[in-house]
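This report walks through one protein chain for a reader who is meeting the structure for the first time. Please look over the sequence and the structure below before reading on.

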Amino acid sequence: NGFLISSLRSREHEWIQYRNGALDKTSWTAFSKAIPLVLSSKHARSWWAATKTIYDTQFANMVDGMLEKENLQSVHVGQAGVMNEFFHNSKSTSKL
């Protein structure tokens, strides 16, 4: 869960900078593309639902809207590769 917290906290910071005019739209668009990927698994979606209140309310609403728009399904290892395998197989001994 540390990865999720860190990733979403970084996106939140970037979103606040964009909202306040300190970050341009092109940069925010690039950074925001990580949000659906980070929250693509069932575990991450459950985590987001349970913890989104620790984030800025407007940011959380924006993320929820993004997720609804994307209507993402859980990502499988075959689609997300090593990253998804890492997050869903914490006992994995495979070398990255």
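## An aromatic cluster and its surroundings

Trp15, Trp47, Trp48, Tyr55 and Phe59 are linked into a cluster by ring pairs, where rings of Phe, Tyr and Trp (its six-membered ring) pair if their centres lie within 6.5 Å, and planes under 30 degrees apart count as stacked, over 60 as edge-to-face and the rest as tilted. The model is predicted, so local features need pLDDT of at least 70 and side-chain atom pairs count only at pLDDT 80 or more, while totals for chains, interfaces and linings use all residues. Residues are numbered from 1 along each chain as its sequence is written, and side-chain values use heavy atoms, with hydrogens and water left out.

By the ring rule, the count comes to seven aromatic pairs. Trp47 and Trp48 form a tilted pair, because their ring centres are 6.4 Å apart and their planes stand at 45°. Tyr55 and Phe59 also form a tilted aromatic pair, with 6.1 Å from centre to centre and 45° between the planes. Two of these pairs are set out here.

| Aromatic pair | Centre to centre | Angle between planes |
|---|---|---|
| Trp47 and Trp48 | 6.4 Å | 45° |
| Tyr55 and Phe59 | 6.1 Å | 45° |

Are the residues of these pairs buried or exposed? Tyr55 and Phe59 are both buried, a word that means under 20% relative accessible area, with exposed meaning over 50% and partly exposed in between (1.4 Å probe, protein chains only). Trp47 is buried because its relative accessible area is 8%, and Trp48 counts as buried because its relative accessibility is 2%.

## The helices

The chain has seven helices and zero strands, where helices (H or I, at least four residues) and strands (E, at least two) are DSSP runs numbered from the N terminus. Read along the sequence, the pattern is therefore α-α-α-α-α-α-α.

Helix 1 has 18 residues, which at 1.5 Å a residue should span 26 Å, and its end C-alpha atoms lie 25 Å apart, in agreement with that value; the expected span is 1.5 Å times one less than the number of residues. In helix 1 the buried residues are Leu4, Ser7, Leu8, Arg11, Glu12, Glu14 and Trp15. These residues lie on the same side of helix 1, because they cover an arc of only 170° around the axis, the arc being that of the directions from the helix axis to the C-beta atoms. Their cover includes helix 2 (25-32), helix 3 (34-38), helix 4 (42-51) and helix 5 (57-70). Just after helix 1, Gly21 takes a positive phi of about 85°.

Arg11, which lies in helix 1 (residues 2-19), is buried with a relative accessible area of 15%. Leaving aside neighbours within four places in sequence, Arg11 is in contact (heavy atoms within 4.5 Å) with Trp28, Phe31, Ala34, Ile35 and Phe59.

In helix 4, Ala44, Trp47 and Trp48 are buried. Because these residues cover an arc of only 100° around the axis, they are on the same side of helix 4, and they pack against helix 1, helix 3 and helix 5. Lys42, Ala49 and Ala50 are exposed on the other side of helix 4.

Gln58 is found in helix 5 and counts as partly exposed because its relative accessibility is 47%. Not counting residues up to four places away in sequence, Gln58 touches Trp15 and Arg19. Gln58 and Glu12 are 46 residues apart in sequence, while their C-alpha atoms are 9.7 Å apart in space.

## Core and confidence

Val63 touches Ile35, Leu39 and Trp48, not counting residues up to four places away in sequence.

Buried residues make up 29% of the 96 residues in the chain. The chain averages a pLDDT (the predictor's confidence in each residue, from 0 to 100) of 82, and 74% of the residues score at least 70. Over residues 72-82 the pLDDT is below 50, and this stretch has 15 contacts in the model beyond near neighbours in sequence.
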